Amino acid sequence: MKSALISRRVCSIRQKIRGVNIMGYYIGIDLGTSAVKMLLMDANGDIIKSIAKEYPIYFPQNGWSEQDPQDWWNAVKAGIQEITAFCDKSNIKGISFGGQMHGLVMLDENDKIIRPAILWNDGRSAKQCKYLNNEIGKKKLTEYTANIAFAGFTAPKILWVRENEPENFKRIKKIMLPKDYIAYKMTGIHSTDYSDASGMLLLDVKNKCWSKEMLKICGIDESVMPKLFESYDVIGVLKSEVAKELGFSSDSVKVIAGAGDNAAAAVGTGAVGNGKCNLSLGTSGTVFITQNNFSVDSNNALHSFAHADGKYHLMGCMLSAASCNKWWAEEILQTRDFAAEQAPIQKLGENNVFFLPYLMGERSPHNNPDARGVFFGMSMDTTRADMTQAVLEGVAFGLRDSLEVARKLGIKIERTKICGGGAKSPLWKKIIANVMNLKVDVLEVEEGPSMGGAMLAAVGCGAYPDVETVGKKMAHVVDTVEPEEELVAKYEEKYQKFKKLYPSLKPLF
């Protein structure tokens, strides 16, 4: 009860101190892999309250990864009720999303879930990817969608269901992405946005429409696909029964399309407009580079996707980033005190132990679902701290792999924003700045996709004219981690060794 009164008082005091005529509150929902994170934000970007609700993930077989969409919806409802419990709900104007990408949600003719959702980190579709990349051909896939097939993408999953679960395939009446299932439950509208749809391998990214060629290859009709929106577009309002269940007095709350998690995180860090970069150190890791104009990496090592600001971006994605450190600390070292494990690490750039961060296979730039994690270079004097350091450095080296692809395309990046759970580590940020030779800008408030979702909601409700404006208003840099010349040189030598490990071990995976 005491915390409830405090939350309500903070809400009121902030309004009075600022003298703000409240333009509204906005809810941002980050539908992640392990939990949904959500926040309530006012029109100035101040976060009133944020929470996280966990739900299970299932691994029916080795390399498989599934979730029950109903678990998502139950967690979202509980979370919204909690973060809005002590504010005037009549001031809540809009809801929007960031969400885990690529997941396959299938609904039948009654909009009932056909089977558990197959997630982005599921590797069962290796056979289907080989068919798409080799039989259909990478050149045609790039022509149709601007990308090639990766095991995480949605189209290979659809082919897997068609081949392995034909009865389920016949029942499909609508295909959706994870966050869009939540939007459907709120509005009754089957929708998605261009940024999230870009990762399905079903969207003609350049022309922002469904690819008729890819739909034919997958054996599905365009009527099965959701309606396409820009990330800041209003798709509808809360259904009256949903508004009532959530405790809202009316159904006037707008639901805005939202974005894939990385595009939403980029909005949250102000990485909008041309030539900006954002690094994400979440469960997965990404190098996200914004562009005004559409372009394709001819080697297909980077994804070419639409951005949440209505333009485009290139992105390199590694499947295991902060999750590597979580696995190492919690499963192997049996601790959750990450800071204590990192405290003994002193000599950066001098570690002789290397770690390949491919615990779930790898996407960019190797596109190999069979790749696996490896420690290399251990000796009798190797310490626990050396191995912890190797994990942090291995993720940084993996991110640099994607940055090097962008540099070879002539893209010049000198600084980046950073977000994700791993970005809370000062040591890891220093390692990344020096491994990648980038200035790393640290934000005052770093809430990742949930913040981006709330910002998109504010744009959709008219509080801001466009995504770039809201990014400049709310993403405040409070510190910059500068690369150090001597340390950059040491890490350059280490990176050159790291680069040789994957090609040497590839035949053994």
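**Reading the pocket, the sheet and the loops**

Tutor: The second largest pocket holds about 370 Å³ of space. Grid points are joined across faces, edges and corners, and the volume is the space filled by probe spheres set on the points. This is a predicted model, in which local features need pLDDT of at least 70 and side-chain atom pairs count only at pLDDT 80 or more, while totals for chains, interfaces and linings use all residues. Residues are numbered from 1 along each chain as its sequence is written, and side-chain values use heavy atoms, with hydrogens and water left out.

Student: Which residues lie nearest the centre of the second largest pocket?

Tutor: They are P365, D401, E404, V405 and K408, from a lining of 17 residues. Helices (H or I, at least four residues) and strands (E, at least two) are DSSP runs, numbered from the N terminus. Helices α13 (384–408) and α17 (485–505) each supply at least two residues of this lining, and α17 gives the most, with 5 residues.

Student: How many residues of each class does the lining have?

Tutor: Ala, Val, Leu, Ile, Met, Phe, Trp, Tyr, Cys and Pro count as nonpolar, Asp, Glu, Lys and Arg as charged, and the others, Gly among them, as polar. The lining has 10 nonpolar, 2 polar and 5 charged residues.

Student: In what order do the 7 strands of the open sheet stand?

Tutor: Two strands pair if DSSP finds at least two bridges between them. The order here is β18-β19-β17-β16-β22-β23-β24, and the pairing is mixed. β18 (303–306) and β24 (477–481) stand at the edges with a single partner strand each, so one side of each has no neighbour in the sheet. From one strand to the next the twist averages 30°. Axes are lines fitted to C-alpha atoms, for helices over the stretch in contact, and angles run from 0 to 180 degrees between N-to-C directions.

Student: Which helices pack on this sheet?

Tutor: Contact means heavy atoms within 4.5 Å. Helix α10 (residues 261–268) touches β16 (277–281), β17 (285–291), β19, β22 (415–419) and β23 (439–443), and its direction makes about 65° with that of β17. Helix α13 lies across β16, β17 and β19, running at about 25° to β17.

Student: How is β19 paired with β18 and β17?

Tutor: β18 and β19 (residues 312–318) pair in the antiparallel sense over 4 bridges. Within that pairing, H303 has M315 as its bridge partner, and S304 stands opposite L314. The hairpin of β18 and β19 has 5 residues between the strands, and there G310 takes a positive phi near 95°. β17 and β19 are also antiparallel, over 7 bridges, with Q291 opposite Y312.

Student: Are the two faces of β19 covered or open?

Tutor: In a regular strand the side chains alternate between the two faces of the sheet. Buried means under 20% relative accessible area, exposed over 50%, and partly exposed in between (1.4 Å probe, protein chains only). Both faces of β19 are covered: Y312, L314, G316 and M318 are buried on one side, and H313, M315 and C317 on the other.

Student: Which residues of helix α11 are buried?

Tutor: In α11 (residues 322–332), the buried residues are A322, C324, N325, W328, A329 and E330. They pack against β16, α12 (338–342), β20 (354–356), β21 (374–376), α13 and α14 (426–436).

Student: Where are Q334 and N437 found?

Tutor: Q334 is in the loop between α11 and α12, and N437 is in the loop between α14 and β23. Each is a residue other than glycine with a positive phi: near 60° for Q334 and near 55° for N437. Q334 is exposed, with a relative accessible area of 61%, whereas N437 is partly exposed at 42%.

Technical notes: On a 1 Å grid over the protein atoms alone, a cavity is a set of points where a 1.4 Å probe fits but cannot get out, and a pocket is an open set with protein on both sides within 12 Å along at least five of seven lines; lining residues have an atom within 4 Å of a point.
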